[in-house]
Structures are given as structure tokens and as C-alpha cells.
Amino acid sequence: MAINVNKTKQELEQSVRIRRDSLQTLHRRLKKDSDAFQLWIMGISTLSGSIEVAKMSLEIQTPALDLTSIFFASICTILAAVMRFKDYNNKLESLVKSSSELTNVLKSIRDSPNVNIEMIEKYNQSLAIVETVLYPDQRKKYFALAEKGIVLITKDELIFNSKIDKVEKKHGKTDIELGNSNEIVVYGEDN
């Protein structure tokens, strides 16, 4: 059944790819921020523990050093509270799930021979997924980054393909590529 759409199959695929890549880019950035907080917490906790071990080993009884462990514990608590407030874990989980759903939509578009109703429904579903996961300002920012990435990937693919074409023109195709090799294994059909 033919339907009227204003996008080709390739355009639908590109649109979903950009959306999925934008989710993955945001995920990578949030993960990096979350990891930085966790590294700071681990570093400060380790420093605090080292000071306590040094105090006990050297038998230092200075009131000022007693406050250092309280100070460092307070900093760790503040950093943990900021992490909880920013809700990194839920955001990261949501982005992974949404990215996975968009990958499934992308696969169904690629597997379909032509644009059909099911493909359009999945495409619309991908639009809804992105709209629920990203705020408008995030969509603008991360779509632009994803579009840049896809343009660079496409340019690299074109350069690679042109180099392959040059090599094939210079050296010709191999016997295996032409089907003239004794190394080709042909499997018979089972009747």
C-alpha cells in the first residue's frame, strides 16, 4: 500500500540517526560529569582516610587535625547531594533506553524495502521519544552536534570510497572479486 509522505526512506533514516546520536552525545557528556563528581568524592575520601591513618601512626593529638576529617566528610556529602540533585543515574538510564529504542526504529527503517505505514508510525514514535527525553534547548544543541558528526562521517566515507575506487582502477579487481578463483567455495542447495 503506497502512502504519501514528504520524506524518503533515506531522509527518515538520517532524521532518526541524528536524534539517536544526539541522545548518545548527551549521555556521554552527562556520564563524564557524573564520573568527575565520583572521582572527586573518591579522591577527597582517600585524602581524608590518609590523614586519619597518618594521625594515628604518628600519634598526633591536634584538635585542628580532628576537624579535617569532618571538613572532608562534609565536602563529600555536599558533592553526593549535588549528584543526587542533578539525578545523573535516572537521566543516564533514560537516555540509554531511549537510544536503544531509536536504534530499533533505525533498524526497522533499514530493513524495510520502502516507506510504509509501519515505518511512519515508528518514525513518529522516535519523534515522541526524543521530545520526552530532551528539553527544547538540549534538542537544539545536541541535534546540531549530531548533524556535524554525521556530516563528518559521510565525508570520511566518501573519501574512503574514492580511495578504494582509485586502488581498484589502478590494480583491477582480484580473481575472487571477479569469481574466477579456485578458492571460491560454492555451496549446493539442499533438495
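**Reading a helical model: a dialogue**

Student: Leaving aside its neighbours within four places in sequence, with which residues is Ser-48 in contact?

Tutor: Ser-48 is in contact with Ser-69 and Phe-72, once those sequence neighbours are set aside. Please keep in mind that this is a predicted model. A contact here means that heavy atoms lie within 4.5 Å.

Student: Where is Ser-48 found, and is it buried or exposed?

Tutor: Ser-48 is found in helix α1. To judge burial, one compares the relative accessible area with a cut-off: under 20% is buried, over 50% is exposed, and values in between are partly exposed. Ser-48 counts as buried because its relative accessibility is 13%.

Student: How should I describe the chain as a whole, and how many helices and strands does it have?

Tutor: One begins with the secondary structure. The chain has 6 helices and 0 strands, and along the sequence the pattern reads α-α-α-α-α-α. Next comes the radius of gyration, which is 28 Å, well over the 16 Å given by the globule rule for 191 residues, so the chain is more spread out than a compact globule. The C-alpha trace spans about 85 × 50 × 40 Å along its principal axes.

Student: What share of the contacts with a separation of 6 or more joins residues 24 or more positions apart?

Tutor: Such residue pairs account for 82% of those contacts. Individual residues can be read for both sequence and space. Ser-15, in helix α1, touches Lys-7 and Tyr-123 when residues up to four places away in sequence are not counted. Ser-15 is buried, because its relative accessible area is 7%. A separation in sequence can also go with a separation in space: Ser-15 and Lys-169 are 154 residues apart in sequence and 35 Å apart in space, C-alpha to C-alpha.

Student: Is Lys-55, a charged residue, buried or exposed?

Tutor: Lys-55 is buried, because its relative accessible area is 9%. Lys-55 lies in helix α1 and touches Ile-60, Leu-65 and Asp-66, not counting residues up to four places away in sequence.

Student: How much space lies in the largest pocket, and which residues lie nearest its centre?

Tutor: For a pocket, one reads the volume and then the lining. About 230 Å³ of space lies in the largest pocket. The lining has 13 residues, of which Leu-26, Leu-30, Lys-91, Tyr-135 and Gln-138 lie nearest the centre. By class, the lining divides into 7 nonpolar, 3 polar and 3 charged residues.

Student: Which helices supply at least two residues each to this lining?

Tutor: They are α1 (9-58), α3 (88-111) and α4 (117-133). Helix α3 gives the most, with 4 residues.

Student: Where is Lys-91 found, and with what is it in contact beyond its neighbours within four places in sequence?

Tutor: Lys-91 is found in helix α3. Beyond those neighbours, Lys-91 is in contact with Leu-30 and Lys-86; Leu-30 is also one of the residues nearest the pocket centre. Lys-91 is partly exposed, because its relative accessible area is 39%. The C-alpha atoms of Lys-91 and Leu-134, which are 43 residues apart along the chain, are separated by 10.0 Å.

Terms used. Residues are numbered from 1 along each chain as its sequence is written. This is a predicted model: local features need pLDDT of at least 70, side-chain atom pairs count only at pLDDT 80 or more; totals for chains, interfaces and linings use all residues. Side-chain values use heavy atoms; hydrogens and water are left out. On a 1 Å grid over the protein atoms alone, a cavity is a set of points where a 1.4 Å probe fits but cannot get out, and a pocket is an open set with protein on both sides within 12 Å along at least five of seven lines; lining residues have an atom within 4 Å of a point. Grid points are joined across faces, edges and corners, and a volume is the space filled by probe spheres set on the points. Ala, Val, Leu, Ile, Met, Phe, Trp, Tyr, Cys and Pro count as nonpolar, Asp, Glu, Lys and Arg as charged, and the others, Gly among them, as polar. Buried means under 20% relative accessible area, exposed over 50%, partly exposed in between (1.4 Å probe, protein chains only). The radius of gyration is taken over C-alpha atoms; the globule rule is 2.2 Å times the number of residues to the power 0.38.
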